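Subject: Structure handover

Hello,

Here is the structure I promised you. Please open it first, then read the notes below.

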Amino acid sequence: MADASADRVSRTRGLRPLAWLALAALLALAIALALGSVGIAPDELVAVLLGGGDALYQTLVLELRLPRALAAFGTGALLALAGALMQILLRNPLADPYVLGLSGGASVAALLAMLAGASMALVSGAAFVGALVSILIVFGLAHGTGSWTPTRLLLTGVVMAAGWGALISFLLAVSPVERLPGMLYWLMGDMAYAGSPWPVLGVAIASLLVVMPLGRTLNVLARGGLQAAALGVAVRPLEWTLFLLASLLTAVAVTTAGSVGFVGLMVPHMLRLRLGNDQRLILPASLLAGGTLLTLADTLARTLIAPQQLPVGVITALLGVPSFLYLLSRSR
Amino acid sequence: MAISEPQIETLEARELVIDIPGRPAGRPLYLRIAPGERWGVLGPNGAGKTTLMHTLAGLRAPRSGEVRLGGKPLSRLKRRELARRLGIVFQTHHDDFPATVRETALIGRHPFIAPWQQEGAEDIARAQAALERLDLTPLAERELATLSGGERQRVSLATLLTQAPRFWLADEPTNHLDLHHQVAVMELLAEQADQGCGVVMCLHDLNLAARWCSHLLLLYPDGEACWGAADSMLVPAALEGLYGQALTTAMVDGAPVFVPKR
């Protein structure tokens with residue numbers, strides 16, 4: 001067909017940045033595996049990954065560092081993807097996964113569980129339930145009204161977030177001092193809470209498979225609801241799909257690592273500055289770049305002032321803010 | 001069923017009352033827009049021109065009555081199917097995200113491409129031809145944010161030309177345009193009508209309406225309306241009543257020209 005050549009042009013134009021991002025992701029994972037209390041040389045790392053090498057290194061890499069690195073990668077990927085979707089849903093480049101108050105609900109529930117002295121697993125479970133409660137409240141409030149607009153959804157979410165914020169401050173104020181560090185780490189986002197990496201990775205891959213066929217439709221939705229409808233998009237069902245999907249991704253991410261900030265807002269933005277706004281490219285690129293950023297940030301978080309660990313959310317912001325400002329100043 | 005279907009595809013308003021909150025129903029509209037016709041919608045600010053356009057495009061539910069395309073109510077057509085046959089240029093644009101002129105023209109092909117397919121060479125060629133038609137080829141790679149108001153308006157028209165629907169709705173298509181491009185756009189719309197499209201446009205310029213429209217619909221702020229062939233509607237007294245503005249009329253090149261009195 002005559003389409004083939006143009007088709008190829010647009011595909012290769014998209015594939016190159018994705019290949020670079022995939023390479024960066026692998027590199028970030030390798031760094032995460034090699035660095036820590038005991039440094040591991042590249043050749044030894046390769047040996048361990050191939051099933052040989054030192055037995056101590058085997059345990060260190062395969063049982064301790066690999067699950068955490070993968071969990072960090074998956075969490076970052078989910079947050080960046082959720083951010084990209086939320087920005088399209090709300091037609092607001094300033095939206096992030098937490099803008100609709102979801103992390104607030106998760107945080108309140110998690111802090112309550114911590115206050116009750118619950119185990120790590122229970123805290124994560126509570127966070128997930130809290131996130132779902134928040135989603136349902138925002139969904140119910142915004143859905144119940146007649147005239148539904150992204151602005152209305154955004155306002156509902158922002159006000160919910162403010163309410164959760166007040167509850168969080170209240171909980172922190174009345175909590176015993178010895179529990180505060182754990183709570184603050186959770187609020188800032190901390191991979192030490194992550195269990196098995198497979199839920200986040202699985203959800204990340206599954207959600208990418210769901211949104212990729214929607215890519216071109218999302219490009220049209222980014223031009224506004226009316227324009228999208230005029231071009232044949234069933235706007236309302238698409239918007240609710242986006243809302244529920246982005247919320248679910250965020251809930252899984254928050255359950256894994258607390259509310260890690262910055263990734264969901266800035267990663268899609270940085271990519272748009274470089275790659276334009278074709279969601280067929282931005283969505284998979286967000287997944288890879290978000291994962292890479294959080295993997296690197298978590299490696300720094302556990303090595304920078306070792307043996308003490310920093311909350312990873314601090315690092316994502318410290319790494320991301322200057323690089324974002326740099327990209328912004330260089331863009332047109 | 002098939003026997004009662006009209007022979008030519010038309011866009012029809014049947015007993016249509018557009019929904020403007022707080023306004024009495026006014027006069028229901030019975031419009032039949034046929035291929036080749038160029039309808040102009042005139043009325044003062046707030047008369048409901050944009051609401052009517054959105055209602056005719058199926059983007060807004062009417063208060064009562066219905067809009068039919070090819071004999072079928074819009075509410076029974078799939079959005080995608082509708083978008084292949086009817087398109088609209090909006091008065092306002094939402095350029096919240098970066099996009100180039102070429103990408104923006106290309107979204108006109110969206111209703112024709114299956115979800116799993118990419119834009120092919122034919123789609124790109126159509127967008128390119130539309131950009132060329134609206135003098136936008138030199139701007140093809142520019143970001144929308146860098147365009148002037150008139151250039152942005154032409155991009156919207158290029159998107160609709162790429163979409164190439166049977167029915168064209170244009171909400172103030174000459175907004176922001178310089179004199180030359182006003183005429184160029186009216187020529188484009190007339191050319192589409194000659195090729196068998198039905199065209200409806202909201203206009204504020206009586207003289208463009210007098211020169212380019214075959215039919216006119218006058219919308220009054222209280223919901224009153226009248227419509228018909230352009231010649232019969234261009235009565236100075238009616239137009240003065242429509243806008244609440246005294247007019248001077250002159251004949252230039254065989255067509256009436258209306259100038260507001262000071």
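**Notes on the model**

B:Glu172 is buried, with 21 other C-beta atoms within 10 Å. Buried means that 20 or more other C-beta atoms lie within 10 Å of the residue's own; exposed means 12 or fewer, partly exposed is in between, and C-beta atoms are placed from the backbone. B:Glu172 has a positive phi of about 50°, although it is not a glycine. The residue sits in the loop between strand 7 and helix 6 of chain B. Helices (H or I, at least four residues) and strands (E, at least two) are DSSP runs, numbered from the N terminus.

This is a predicted model: local features need pLDDT of at least 70, side-chain atom pairs count only at pLDDT 80 or more, and totals for chains, interfaces and linings use all residues. Residues are numbered from 1 along each chain as its sequence is written, while chains are lettered from A and ligands numbered from 1 in the order in which they are written.

The model scores ipTM 0.92 and pTM 0.89. Chain B averages a pLDDT of 93, and 97% of the residues score at least 70. pLDDT is the predictor's confidence in each residue, from 0 to 100.

**Around strand 7 of chain B**

Strand 7 of chain B pairs with strand 6 (residues 86-89) of chain B in the parallel sense, over 4 bridges. Two strands pair if DSSP finds at least two bridges between them. B:Leu86 stands opposite B:Phe167. B:Val89 has B:Ala170 as its bridge partner. In strand 6 of chain B, B:Leu86 and B:Ile88 point one way, B:Gly87 and B:Val89 the other, and all are buried.

Strand 7 of chain B also pairs with strand 8 (residues 198-202) of chain B, again in the parallel sense, over 5 bridges. B:Leu169 stands opposite B:Val200 there. The chain crosses from strand 7 through helix 6 (residues 179-194) to strand 8 of chain B, and this β-α-β crossover is right-handed. Right-handed means that, with the strands pointing away from the viewer, the path from the first strand over the helix to the second runs clockwise.

**The open sheet of chain B**

Chain B also has an open sheet of 4 strands, in the order 2-1-4-5, with antiparallel pairing. Strand 2 (29-33) and strand 5 (72-73) of chain B stand at the edges with a single partner strand each, so one side of each has no neighbour in the sheet. Strand 1 (residues 11-17) of chain B joins strand 2 of chain B through 4 bridges. B:Leu11 stands opposite B:Ile33.

**Inside chain A**

Which residues have the most contacts inside the largest nonpolar core? They are A:Leu78, A:Leu81, A:Leu85 and A:Ala110, in a core of 176 residues. Such a core is a set of buried Ala, Val, Leu, Ile, Met, Phe, Trp, Tyr and Cys residues joined through C-beta atoms within 7 Å. Helix 3 (residues 55-89) of chain A gives the most to this core, with 17 residues.

A:Ala69 lies in helix 3 of chain A. A:Ala69 is buried, with 26 other C-beta atoms within 10 Å. Beyond four places in sequence, A:Ala69 touches A:Leu29, A:Ala32, A:Leu33 and A:Thr295. Contact means C-beta atoms, placed from the backbone, within 7 Å.

A:Gly264 belongs to helix 12 (residues 263-275) of chain A. A:Gly264 is buried, with 34 other C-beta atoms within 10 Å. Its contacts beyond four places in sequence include A:Leu79, A:Ala80 and A:Gly83.

A:Arg91 has a positive phi of about 50° and is not a glycine. A:Arg91 lies in the loop between helix 3 and helix 4 (102-115) of chain A. A:Arg91 counts as buried, with 20 C-beta neighbours inside 10 Å.

**Where the chains meet**

30 residues of chain A are in contact with 26 residues of chain B. Helix 1 (3-34), helix 9 (215-221) and helix 10 (225-230) of chain A each supply at least two residues of the side that touches chain B. Helix 1 of chain A gives the most, with 6 residues. The residues of this side of chain A divide into 12 nonpolar, 10 polar and 8 charged. Here Ala, Val, Leu, Ile, Met, Phe, Trp, Tyr, Cys and Pro count as nonpolar, Asp, Glu, Lys and Arg as charged, and the others, Gly among them, as polar.

Best wishes

Technical notes. Contact = placed C-beta atoms within 7 Å.
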